[in-house]
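Subject: Structure handover and notes

Dear colleague,

Please find below the structure that I would like to pass on to you. My notes on what was found in it follow directly after.

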Amino acid sequence: MNTRKVPIRNYIILVIVAVLTIVLLYAFVTYYESQKEYQSRTNARMGFLSQVKESELSNYILDNPDTIIYVSNSTDSKYESFEQELKKLIISENLIKDVVYMDTYQVSKDFFKNLKTKMFVNVNLASDFIYPNIYIVRDGIITSILYTKEQEPDPNEVINYVKGELNLE
């Protein structure tokens, strides 16, 4: 009986394919975990609120014509302490059901232009889009905004504004 001899080249190819497979698998797992960590880190600050996305906004407002939208950029770290304090106040004042969150980091370039033309009753309110901010929606139209010019946001001011709009004061 003849024994067949396997060339060494085949073993080398097998080792190379195995190593490449392990390296690619490690790269994909690392990328997936970093994306997952990034998503949880950016949404953790205001993740306790219901979130509305750009594609859902018009349907959400059709279903909820009177609502309060908190608009912020989840990737902007300079507002992290403000949002942590705001989170505590929203929870303590039991306003979680009254406010929805919209992340401006996830919206398209045309979003604010479309928002300005379709939803603002007073175009002067929409001259500059400032975040973080509170938009008050009445009858499907944004009727007022907390901050109309760039300034340091105050969590107590936000809560008082929301409570005033809800007639809770």
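At 6% relative accessibility, Tyr-79 counts as buried, because buried means under 20% relative accessible area, while exposed means over 50% and partly exposed lies in between, with a 1.4 Å probe and protein chains only. Before going further, please note that this is a predicted model, in which local features need pLDDT of at least 70 and side-chain atom pairs count only at pLDDT 80 or more, whereas totals for chains, interfaces and linings use all residues. Residues are numbered from 1 along each chain as its sequence is written, and side-chain values use heavy atoms, with hydrogens and water left out.

Tyr-79 belongs to an aromatic pair with Tyr-131, which is edge-to-face, at 6.2 Å centre to centre and 70° between the planes. Tyr-131 is partly exposed, with a relative accessible area of 27%.

A search of the whole structure finds three aromatic pairs. Another of them joins Tyr-70 and Tyr-101, whose ring centres are 5.9 Å apart with the planes at 25°, so this pair is stacked. It too links distant parts of the chain, as Tyr-70 is in strand S2 (residues 67-72) and Tyr-101 in strand S3 (residues 99-103), 31 residues apart. Both Tyr-70 and Tyr-101 are buried.

Next come two polar residues. Ser-72 in strand S2 and Glu-83 in helix H3 have side chains joined by a polar contact of 2.4 Å, a term that stands for a pair of N or O atoms within 3.5 Å, where within protein one must be able to donate a hydrogen and the other to accept it, and where residues adjacent in sequence count only if both atoms are side-chain atoms. Ser-72 is buried, with a relative accessible area of 0%, and Glu-83 is buried, also with a relative accessible area of 0%. Leaving aside neighbours within four places in sequence, Glu-83 is in contact (heavy atoms within 4.5 Å) with Arg-45, Met-46, Tyr-70 and Ser-72. Ser-72, with residues up to four places away in sequence not counted, touches among others Tyr-101 and Tyr-131, which are members of the aromatic pairs described above.

Turning to helix H5 (residues 155-165), its buried residues are Pro-155, Val-158, Ile-159, Tyr-161, Val-162 and Lys-163, and these pack against S2, H3, S3, S4 and strand S5 (141-145). Just after H5, Asn-167 takes a positive phi of about 55°.

Side chains of opposite charge can pair when their charged atoms come close. The search of the whole structure finds two salt bridges, each defined as a side-chain nitrogen of Lys or Arg within 4 Å of a carboxyl oxygen of Asp or Glu. In one, Glu-93 pairs with Lys-163, the closest N and O atoms being 3.1 Å apart, and this links the loop between H3 and S3 with helix H5 across 70 residues. Glu-93 is partly exposed at 34% relative accessibility, whereas Lys-163 is buried, with a relative accessible area of 18%. In the other, Glu-165 meets Arg-138 at 3.6 Å, N to O, with Glu-165 in helix H5 and Arg-138 in strand S4, 27 residues apart.

As for the chain as a whole, the protein chain has five helices and five strands, which follow the pattern α-β-α-β-α-β-α-β-β-α along the sequence. Of its 169 residues, 33% count as buried. Among contacts between residues at least 6 apart in sequence, 69% join residues at least 24 apart.

With kind regards

Definitions and conventions. Rings of Phe, Tyr and Trp (its six-membered ring) pair if their centres lie within 6.5 Å; planes under 30 degrees apart count as stacked, over 60 as edge-to-face and the rest as tilted. Helices (H or I, at least four residues) and strands (E, at least two) are DSSP runs, numbered from the N terminus.
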